[in-house]
Amino acid sequence: MHIESISYEVDGIGMTGHLAYDDNRKGTRHGGLLAHEGPGLDPHVKGRAERLATLGYCAFALDYLGAGEPVRDVQRTMERLAPLMADPAVPRRRGLAGLDVLLDQQTSDGDRIGCIGYCFGGTVALEIARSGADVQAVVGFHPGLTTSPDSHRIKAPVLMCVGTND
């Protein structure tokens, strides 16, 4: 399996995402874009990217907060998320930058991309859909849900799991 950290920049902030794909497969693969929970890009989401890779995907776990270790303090996490919650354009830009990284991979089929987000990452995935991005599916697990005048731009099916058992 090919696993790689990829650095990129958004809003003047250095981001580091996690790319995974099965390097024994030939050709392009369906793409899976993953957005982490509020504390930051952690082993959980990196592991999900690697699991998707074992299923034949080219998976990229994007970073929407900036390079570094995840924060475990709830107050610090909320401080880091505040600018993203205040302006939906910020998580949208950061999510689309991660999508661009995935689309730039020779192993990723740009016509077959799905987005998965966890917690605030679900909001990031929803903002990617609201941008009108050409993705084929968007799934969020316990995301924040807000209304948006851009919701009419969504092209993909959207599934947001917000129940107690989710």
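Author: Strands of a sheet pair through backbone hydrogen bonds, either parallel or antiparallel. Here strand S3 (residues 29-35) and strand S4 (residues 58-62) pair in the parallel sense over five bridges, where helices (H or I, at least four residues) and strands (E, at least two) are DSSP runs numbered from the N terminus, and two strands pair if DSSP finds at least two bridges between them. This is a predicted model, in which local features need pLDDT of at least 70 and side-chain atom pairs count only at pLDDT 80 or more, while totals for chains, interfaces and linings use all residues. Residues are numbered from 1 along each chain as its sequence is written, and side-chain values use heavy atoms, with hydrogens and water left out.

Reader: Which residue in S4 is the bridge partner of Leu34?

Author: The bridge partner of Leu34 in S4 is Ala61.

Reader: Which strands does helix H3 touch as it packs on the sheet?

Author: Helix H3 (residues 89-103) touches S1, strand S2 (13-21), S3, S4 and S5, contact meaning heavy atoms within 4.5 Å. The direction of H3 makes about 135° with that of S1, with axes being lines fitted to C-alpha atoms, for helices over the stretch in contact, and angles running from 0 to 180 degrees between N-to-C directions.

Reader: And which strands does H4 touch?

Author: H4 packs on the sheet against S3, S5, S6 and S7, and its direction makes about 140° with that of S5.

Reader: In what order do the seven strands of the sheet run?

Author: The seven strands form an open sheet of mixed pairing, in the order S1-S2-S4-S3-S5-S6-S7. Strand S1 (2-10) and S7 stand at the edges with a single partner strand each, so one side of each is left without a neighbour in the sheet.
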